[in-house]
Amino acid sequence: MSGPPPGIDISSAGGPPPRVNTGRGGYVDPNWPFPGGPNDAPVIIYGYTPSFALALLAAILFCLYFVAHLFQVVRYRTVYFCTFPIGLAFEIVGYIARCLSAKVNPYNLIFFIIQYFFIVTAPVFLAAGIYTILSALIHRLGREYSLLPPKWILWFFVTSDVVATITQITGAALIGVKQKKREDPTAANNILLGGLAYQVFAIGLFIILSGVFIFRARRQIKQAGLTLFIAAFSAATLLIYLRTVFRLAETAEGLGGDLSTKEVYFGTLEFLPVVLAVPLLNVWHPGRCVGRSIASDSKEKAGIVELDSRG
């Protein structure tokens with residue numbers, strides 16, 4: 001992660017910095033007086049003053065989606081999909097903090113750290129919910145169409161998600177600590193980068209396995225009336241994957257790079273993919289379209305075989 005530009009000392013925030021665009025090391029808004037508080041950085045670490053309208057819109061939308069998904073998880077008793085509303089709760093916290101940055105104080109490190117931590121890690125929980133859908137589909141349509149048994153798929157991707165979650169949370173938290181202490185966050189950024197890289201790998205592998213299964217089971221999908229659900233599931237998966245690839249590229253470039261210092265990239269490659277993916281799985285909720293639970297081995301022997309024979 002890039003350090004401060006020449007001539008700016010981030011070890012002290014005792015007075016207002018020069019009114020200039022600081023490039024890869026941060027930005028100073030000429031229309032926003034420097035607060036000079038104990039938790040204020042001498043530059044706006046975002047590289048811009050965040051848009052309040054965008055942050056508020058995101059917070060409102062994710063609140064609505066959270067309520068809808070939580071209601072559906074309870075209604076359809078889809079315990080396997082409970083990570084989805086958890087991810088949405090993370091999005092809400094992150095965008096509320098971003099609202100505070102935009103409206104109250106863009107120099108405040110606490111607001112920046114909170115929004116960065118929660119917005120970066122939220123899609124890990126969304127991906128975990130998506131992973132469980134494939135296992136439920138395999139049980140519903142037949143194991144013979146899958147390259148791997150559903151139990152193996154479920155455990156591999158859930159484990160991958162745990163690894164990605166722990167790594168990204170650790171990296172994002174350490175970045176926050178380093179930023180607050182005005183220290184070089186490069187090592188912490190590398191930890192986050194590793195977590196994102198592994199998540200990109202895991203989702204990529206998931207897309208391949210899902211694609212093969214969907215192709216093999218295409219007749220059964222049509223007979224079961226799941227064509228629209230599969231389209232929604234596929235679109236949501238690809239959108240979350242797009243967002244993760246963006247975060248990987250942004251983190252590889254560094255917190256002060258072009259991808260992180262232009263809000264248009266954040267809006268179109270972070271906010272937009274997630275905000276489009278989430279309602280797809282509201283309209284075509286897996287609990288309603290696929291089933292309330294992922295079958296156990298005993299259920300598989302008793303019921304899934306019969307279902308497969310009908311297919």
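Predicted model: local features only at pLDDT ≥ 70, side-chain atom pairs only at ≥ 80, totals over all residues.

Reader: Is His285 buried or exposed?

Author: Compare its relative accessible area with the cut-off: buried means under 20%. His285 has 0%, so it is buried.

Reader: Which residues does His285 touch?

Author: Skip neighbours up to four places away in sequence. That leaves His69, Gln72, Val73, Tyr76, Thr78, Phe81 and Phe229. There is also a polar atom of the His285 side chain 2.9 Å from the backbone nitrogen of Gly287.

Reader: What does UniProt list as "transmembrane region"?

Author: The unreviewed entry lists several spans, including 109–131 and 224–244. Check such spans against the model. Residues 109–131 are 100% helix, with end C-alpha atoms 34 Å apart. Residues 224–244 are 86% helix and 0% strand, and their end C-alpha atoms lie 32 Å apart.

Reader: How many cavities of 30 Å³ or more are there?

Author: The count is 1.

Reader: What lines the largest cavity?

Author: Ask which residues, which elements and which classes. The lining has 15 residues, with Tyr48, Tyr116, Arg247, Glu250 and Ser260 nearest the centre. Helices H3 (109–141), H7 (227–253) and H8 (258–261) each supply at least two. H3 gives the most, with 4 residues. By class, 9 are nonpolar, 2 polar and 4 charged.

How values were computed. Residues numbered from 1 in each chain as written. Heavy atoms only, no water. Buried < 20%, exposed > 50% of the residue type's maximum accessible area, 1.4 Å probe, protein only. Polar contact = N/O pair within 3.5 Å; in protein donor to acceptor, adjacent residues only side chain to side chain. Contact = heavy atoms within 4.5 Å. UniProt positions renumbered as here; feature names shortened; annotations may be inferred. 1 Å grid on protein atoms, 1.4 Å probe; cavity = no way out; pocket = protein on both sides within 12 Å on 5 of 7 lines; lining within 4 Å. Points joined across faces, edges and corners; volume = space filled by probe spheres on them. Nonpolar A, V, L, I, M, F, W, Y, C, P; charged D, E, K, R; others polar.
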